[in-house]
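Please look at the sequence and the structure before reading on.

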Amino acid sequence: ITGSFGKTSVKEYLATILETSFKVVKTPEKINTDIGGALSVLNTITPETEVFIAEMGAYTRGEIKNIATFVKPSIGVLLGVNEQHIELFGSITNTKHAKYELIQSITSGGVAFFNFDRSELASLISRTKKRSDITVVTYGLDKRADIWADHIDSTKDGISFIVHHGNDHIDMRAHVFGSQQVSNILAAISIALTLGLKLTKIKTGVARIVPPPQTMVRAGSYNDALLVDDTFNANPDSVRAAISYMRHFTGKKILVLTPLIELGDKSIDIHRELGQLMGRLCDWVILTNPNFYEAVISELSEKKRKHILQMKTDQAAIFLKDNLKDGDVVVFEGKEAGKVLDQLVTKK
């Protein structure tokens, strides 16, 4: 499993579904490097293992190819590519090439999975279909995908949707937050179908899915305001999704954000775009450092700018303690935001 986002979630979702029928081993927690993958192969795979799920990350070209030399994937899924780590790769194109190394490494007779909804993957889908020794399967919200979903209902308590595969369809429910999770679950469903599971069996697995740690997890409360931990890996897509999730709440909608890094020459444009979204949907935004503050507020009215605050983590915690009440929701995005959350959370 590779992509700019969603790798850990899809790995965990897929393992949960497949464990209903197979003996599954996966790379642990956030491990997605060559050393981590090698240790997983050496220490966790046994003669009884039927499925090994490897999350593959990269900071330079060639890393995923290296991991694939010993994992030897018969199935590979490319979830999508965004501006995350563009500073390291230099461009979206270079990032695509790095992630595509997984698809190039799929063994003969294997299957390549792509998110059909991600326009940046269209050329890679066409390219892969020219390879005669592997099968290409697409998934998404578009009816043209091989496996697709509609009737998506996202609430503050979870998501539901209908999955279509050929002439079959079935409703699914999962206790994860945000409509963006439908695509992640669809990736896992698509692989499970290829491995022979029926939709009815997959539905049982989907119902057992829980979000990975620090990934849109309800972390507790303060003054009966809900605190949501999304500090694992902030990127443009995760911030957009977090803001969208807050639509479901009637109280104050507060985002605590560690400004994004490794976006290269896209940094200012992305923070401007996110600032516009924050201005429309958030009551308060707290930035945990001054990076890109001017970009975030640049296109907002004077009134909206007053609700975009830049504070150190201790100050942010004090502000929230003084202002939170029942019905409010706070989403924490990024590592520094996690330090604010740590000063507030009271487990229930």
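At roughly what angle do the axes of helix α1 and helix α7 cross? The axes of α1 (residues 7–18) and α7 (residues 181–194) cross at roughly 45 degrees and come within 9 Å. The model is a predicted one, in which local features need pLDDT of at least 70 and side-chain atom pairs count only at pLDDT 80 or more, while totals for chains, interfaces and linings use all residues. Residues are numbered from 1 along each chain as its sequence is written, and side-chain values use heavy atoms, with hydrogens and water left out.

**The helix pair**

Two packed helices are described by the angle between their axes and the distance between the axes. Axes are lines fitted to C-alpha atoms, for helices over the stretch in contact, and angles run from 0 to 180 degrees between N-to-C directions. Helices (H or I, at least four residues) and strands (E, at least two) are DSSP runs, numbered from the N terminus. Helices α1 and α7 are therefore oblique to each other; angles under 35 degrees count as roughly parallel, over 145 as roughly antiparallel, 65 to 115 as roughly perpendicular and the rest as oblique.

Which residues of α1 meet α7? On the α1 side they are Ser-9, Val-10, Tyr-13, Leu-14, Ile-17 and Leu-18, and the residues they meet in α7 include Gln-181, Ile-185 and Ala-188. Contact means heavy atoms within 4.5 Å.

Strand β4 (residues 111–115) is mostly covered, as five of its five residues are buried. Buried means under 20% relative accessible area, exposed over 50%, and partly exposed in between (1.4 Å probe, protein chains only). In a regular strand the side chains alternate between the two faces of the sheet. Both faces of β4 are covered: Val-111, Phe-113 and Asn-115 are buried on one side, and Ala-112 and Phe-114 on the other.

Strand β4 pairs with β3 and with β5; two strands pair if DSSP finds at least two bridges between them. Gly-76 stands opposite Ala-112 in β4, and the bridge partner of Val-111 in β5 is Thr-135.

Leu-78 lies in strand β3 (residues 75–78). Is Leu-78 buried or exposed? Leu-78 counts as buried because its relative accessibility is 0%. Beyond its neighbours within four places in sequence, Leu-78 is in contact with residues including Thr-2, Phe-113, Asn-115 and Tyr-139. Val-340 is 262 residues from Leu-78 in sequence, and the two are 33 Å apart in space, C-alpha to C-alpha.

Five of the five residues of strand β14 (residues 329–333) are buried, so β14 is largely enclosed by the rest of the structure. On one side of β14 lie Val-329, Val-331 and Glu-333, and on the other Val-330 and Phe-332. Val-331 in β14 stands opposite Val-228 and is also the bridge partner of Leu-255.

| Strand pair | Direction | Bridges |
|---|---|---|
| β3 and β4 | parallel | four bridges |
| β4 and β5 (residues 135–140) | parallel | five bridges |
| β10 (residues 225–230) and β14 | parallel | five bridges |
| β11 (residues 253–257) and β14 | parallel | five bridges |

**A partly exposed residue**

Lys-304 lies in helix α12 (residues 302–305). With a relative accessible area of 36%, Lys-304 is partly exposed. The C-alpha atoms of Lys-304 and Glu-120 are separated by 33 Å, and the two residues are 184 residues apart along the chain.
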